[in-house]
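Good morning. I will take a few minutes to walk through one structure, chain by chain. Please look at it as I go.

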Amino acid sequence: MVSAVFHSPLGGLDDEAPAVSTSTAAPAAAPAPVARRPRKPYDWNGLLLKVLPPLIGVGLLVGIWALLTMNGGSFPTPAATFAEAVKLFADPFYSKGPNDQGIGWNILFSLQRVAIGFGLAALVGIPAGFLIGRFSFLNHMVSPLISLLRPVSPLAWLPIGLLVFKAANPAAIWTIFICSIWPMVINTAVGVQRVPTDYLNVARVLNLSEWKVMTRILFPAVLPYMLTGVRLSVGTAWLVIVAAEMLTGGVGIGFWVWDEWNNLNVTHILIAIFVIGIVGLLLEWALVAIAKRFTYDEV
Amino acid sequence: MASNSSFIEVHQAEMVFSTKKGRFHALRDINLSVAKGEFVTLIGHSGCGKSTLLNLIAGLTLPTGGSLICDSREIAAPGPERAVVFQNHSLLPWLTCYENVHLAVERVFGTSESKAQLKERSLAALGLVNMAHAAAKRPHEISGGMKQRVGIARALAMEPKVLLMDEPFGALDALTRAHLQDELLKIVARTHSTVVMVTHDVDEAVLLSDRIVMMTNGPAATIGEILSIELPRPRNRVELAEDSGYVHYRKEVLDFLYTRHGVVASAA
């Protein structure tokens, strides 16, 4: 689903760097990054098949973009955008007052908001999911509320945040919190409900305490489900922060996009889109790696 | 059997499952008493409800009629004094073999013994089933038979009053099975455990049991006949193979299962 879409371009990016270096740099430099996994007779064909399709995909996008902007107009060409990006990333951490800071600061401020909002959501959502999955009374009690609140658009929560906190930054964090909590609550609860009865029978025969049941049986059994929820949540949080920052202002990638729109600097907006995409991809990739680490083999 | 010496007492137990397709009458009129230290096997064709009866004694399911008593107390819930060896081993995949056993040991002896003693118990239980070498392995790294042995070790490590076994050796190869049966006989002789075991293996039933409870075919299965095996202990499978008493008991069980209660062709 979402992850599958995010996956393949990532695989491409991942392999892109070594592939470029093999074609341009001396062979001595090339094997270091790529040749770790495969054995001595290197599978060039496999690498080609892995790297080529994503490269063609990216190439196609850039090609169409270049074709469409060939005749000039307000939309910048790929080359112009790239040149501007190089300039922008040459000094990402400058600070000239609150409304003019480097792109690095903007990204970091956004990430900080996401981290706080998402962290709070995990802190509340995961235990809540456990309780909801474990006690059917609670489940029946809160499931209508969840069904009611979950489909609400992220930005509808922003005014509530502004009203309650009377400041932009907590309101943005609040919006992240409320939007990224649902996937974690729901996935954790479903995971708890799907713990194999065999394992619970073991717990019943051993007459384990509720704490032991939680830590030794439910938590490990639910972990894969929980991590799916976390992944979806981080994705949502990153989606929401851009929109929220457009409205709240301050330093952040979302506000930066809006600010550049007001300056009519379309090149910077395009760069921001790429940056947002790449950061989202990296977040997703990191969580997939964590999830892989914690999934056990079924027996 | 004098009722005052009975340890497990099943009185008129009845089990009706309400499924989506309607009510399923699994067991009726089950009356059974098991004495302390007795080894009883439940035998019958597939679907005769022998596992259901074991689950009732374990307390994993509660009967829809009648009563079950263990050690003068009504069986209302499962507990560590009635350890269960599950048909499908039910080891927790995220714990090593040692940790799986230790979880049980910790629960039963955790309050009364030191950490070193608990560790020793867990390792001893693994040693008993010849699995000490795999203590640090996770269940997915060992074979099906080995998993079952760890499952048995987990149950034995709790030193339960009653050991309930649901076809524990069913998935094992013949040699491992024979070895574990012999080990089980030794352990039972030493600990005087009360054992109720579900099996479909006639030889296993005769070799291990004091009494064999033979069940009629379901639905609404009940106890057809109870056969007392009066063979002297310790029993040796090689010597017994030619023993006339052994052959006679074996014939009795086979006769019950295949002549009088032959499985209906359609039943699996």
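One definition before anything else: angles under 35 degrees count as roughly parallel, over 145 as roughly antiparallel, 65 to 115 as roughly perpendicular and the rest as oblique. This is a predicted model, in which local features need pLDDT of at least 70 and side-chain atom pairs count only at pLDDT 80 or more, while totals for chains, interfaces and linings use all residues. Residues are numbered from 1 along each chain as its sequence is written, and chains are lettered from A and ligands numbered from 1 in the order in which they are written.

Chain A, then. Of the 299 residues in chain A, 30% are buried. Buried here is a count: 20 or more other C-beta atoms within 10 Å of the residue's own, with exposed at 12 or fewer, partly exposed in between, and C-beta atoms placed from the backbone.

Contacts come next. Two residues are in contact if their C-beta atoms, placed from the backbone, lie within 7 Å. In chain A, among contacts between residues at least 6 apart in sequence, 71% join residues at least 24 apart.

L283(A) sits in helix 12 of chain A, residues 266–294. L283(A) has 19 other C-beta atoms within 10 Å, so it is partly exposed. Setting aside neighbours within four places in sequence, L283(A) contacts V234(A) and W238(A).

Now the place where the chains meet. 16 residues of chain A are in contact with 20 residues of chain B. On the chain A side, the elements that give two or more residues are helix 9, 197–206, and helix 10. Helix 9 of chain A gives the most, with seven residues. By class, this side has nine nonpolar, two polar and five charged residues. For those classes, Ala, Val, Leu, Ile, Met, Phe, Trp, Tyr, Cys and Pro count as nonpolar, Asp, Glu, Lys and Arg as charged, and the others, Gly among them, as polar.

On to the nonpolar core, meaning a set of buried Ala, Val, Leu, Ile, Met, Phe, Trp, Tyr and Cys residues joined through C-beta atoms within 7 Å. The largest one has 134 residues, and those with the most contacts inside it include I176(A), I57(B) and L164(B). Helix 10 of chain A, residues 210–248, gives the most to this core, with 16 residues. Among the buried ones are L54(B), I57(B) and A58(B). Just after this helix, G59(B) takes a positive phi of about 90°.

Two helix pairs in chain B are next. Axes are lines fitted to C-alpha atoms, for helices over the stretch in contact, and angles run from 0 to 180 degrees between N-to-C directions. Helix 2 of chain B, residues 97–109, packs against helix 4 of chain B, residues 144–157, at an angle of about 25° with the axes 8 Å apart. That makes helix 2 of chain B roughly parallel to helix 4 of chain B.

The second pair is helix 3 of chain B, residues 115–128, with helix 4 of chain B: the axes come within 8 Å and cross at roughly 135°. Helix 3 and helix 4 of chain B are therefore oblique to each other. The contact is made by R121(B), S122(B), A125(B), L126(B) and L128(B) of helix 3 with A153(B), L156(B) and A157(B) of helix 4. These residues divide into six nonpolar, one polar and one charged.

Last, some backbone details in chain B. Where is D71(B)? D71(B) is in the loop between strand 4, 65–70, and strand 5, 73–74. Its phi is near 55°, a positive value in a residue other than glycine. S72(B), found in the loop between strand 4 and strand 5 of chain B, has a positive phi of about 65° and is not a glycine either. D71(B) counts as partly exposed, with 14 C-beta neighbours inside 10 Å, whereas S72(B) is exposed, with 8 other C-beta atoms within 10 Å. Finally, a cis peptide bond joins R233(B) and P234(B), with omega about -5°.

Key. Helices (H or I, at least four residues) and strands (E, at least two) are DSSP runs, numbered from the N terminus.
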